[in-house]
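Colleague: I am new to this structure and would like to learn how to read it. Please take me through a few features.

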Amino acid sequence: MNVHIFQKGGYIINILVIGANGAVGKKVISQLKDTEHTSIALVRKEEQVSDLEDIGADKVVIGDLESDFSHAFEGADSVIFTAGSGGKTGADKTILVDLWGSKKSVDLAEKNNVRRFIQLSATDSPNPDGESDVMRPYAVAKHVSDYYIKNSNLDYTIVHPGPLQDDVGTGKIEASLTIEGDPNSYTIPREDVANVLINALQVDSLKREAIFIKSGNTEIKDALNELK
Ligand SMILES: NC(=O)c1ccc[n+]([C@@H]2O[C@H](COP(=O)([O-])OP(=O)(O)OC[C@H]3O[C@@H](n4cnc5c(N)ncnc54)[C@H](OP(=O)(O)O)[C@@H]3O)[C@@H](O)[C@H]2O)c1
């Protein structure tokens, strides 16, 4: 895949990746390795540290969104939030991780003067009532955490993909500021989502914006820059 990430010669940023051991998080870390920017990978367990180092994390910190993880912000000047409790846990963890963990991350970003904050959301977050009974608590958690970010002082970008795939990325997407049609039609490989999260950090016109993404025909960098 031809991945375009961050032009060389720009400023170097130190990016805290929350949820770094996840499927998307790991792709973010390994793609950041190919840039001049540095990564801080937040993981939950000691045994995950060497994996993250092996794929290129510059620093790995252990912490849990359900307890104090403020130490993870040391030296960070941007955040990519990709954490989530996943489908195997109940609505209690969805509230504590996807909603409250995101809220606490926003608060810590503000406290630590980390202005740029990229939140991985989902296409069903704007309209939780359109979701199935099973998915509605997750969509509500995402809806409320997105709302909280929008009311923060951060230069956030909220990225809404639909169902994530493990296919190889194409480096090409369709991006928009509004969603049209079925939220589940916004399918996209995780590899391309990771690329969008990283590139969104560098697009100033995406500050304080929410974007919807799916696989498409436009190079990721161009698709993001053409949005405004
Ligand atoms: N699946 C989809 O189709 C879809 C669609 C749209 C949006 N999304 C969003 O994309 C996110 C990332 O997807 P993914 O496939 O990368 O998910 P994933 O593989 O389940 O990754 C989630 C990560 O969050 C971490 N995490 C969970 N609870 C935590 C806690 N208390 N403290 C710190 N970290 C914690 C997990 O840690 P461990 O590795 O230790 O378990 C895991 O590394 C999802 O959570 C969801 O919000 C998903």
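Colleague: Where is alanine 200 placed?

Modeller: Alanine 200 is in helix α5. This is a predicted model, in which local features need pLDDT of at least 70, side-chain atom pairs count only at pLDDT 80 or more, and totals for chains, interfaces and linings use all residues. Residues are numbered from 1 along each chain as its sequence is written.

Colleague: Is alanine 200 buried or exposed?

Modeller: A residue is buried if 20 or more other C-beta atoms, placed from the backbone, lie within 10 Å of its own, exposed if 12 or fewer, and partly exposed in between. Alanine 200 has 24 other C-beta atoms within 10 Å, so alanine 200 is buried.

Colleague: Which residues does alanine 200 touch beyond four places in sequence?

Modeller: Two residues are in contact if their C-beta atoms, placed from the backbone, lie within 7 Å. By that rule alanine 200 touches Ile118, Thr157, Val159, Leu206 and Leu224. Its C-alpha atom is 9.4 Å from that of isoleucine 158, 42 residues away along the chain.

Colleague: How many residues does the largest nonpolar core have?

Modeller: In general, nonpolar side chains in soluble globular proteins tend to be buried together. A nonpolar core is a set of buried Ala, Val, Leu, Ile, Met, Phe, Trp, Tyr and Cys residues joined through C-beta atoms within 7 Å. The largest one here has 59 residues, and Leu16, Val17, Ala41, Leu42, Val79 and Leu197 have the most contacts inside it. Helix α5, residues 190-200, gives the most to this core, with six residues. A second, separate core has five residues, including Leu99 and Val140.

Colleague: Which strand holds tyrosine 156?

Modeller: Tyrosine 156 lies in strand β6, residues 155-161. Tyrosine 156 counts as buried because it has 26 C-beta neighbours inside 10 Å. Leaving out residues up to four places away in sequence, tyrosine 156 touches Phe117, Gln119, Ile149 and Arg208. In β6 as a whole, six of the seven residues are buried.

Colleague: What joins β6 to strand β5?

Modeller: Strands pair if DSSP finds at least two bridges between them. Five bridges join β5 (residues 116-120) to β6, and these strands run parallel. Leucine 120 stands opposite valine 159 in β6. Five bridges also join β6 to strand β10 (residues 209-215), again in parallel. There, histidine 160 has phenylalanine 212 in β10 as its bridge partner.

How values were computed
Helix = DSSP H or I, 4+ residues; strand = E, 2+ residues; numbered from the N terminus.
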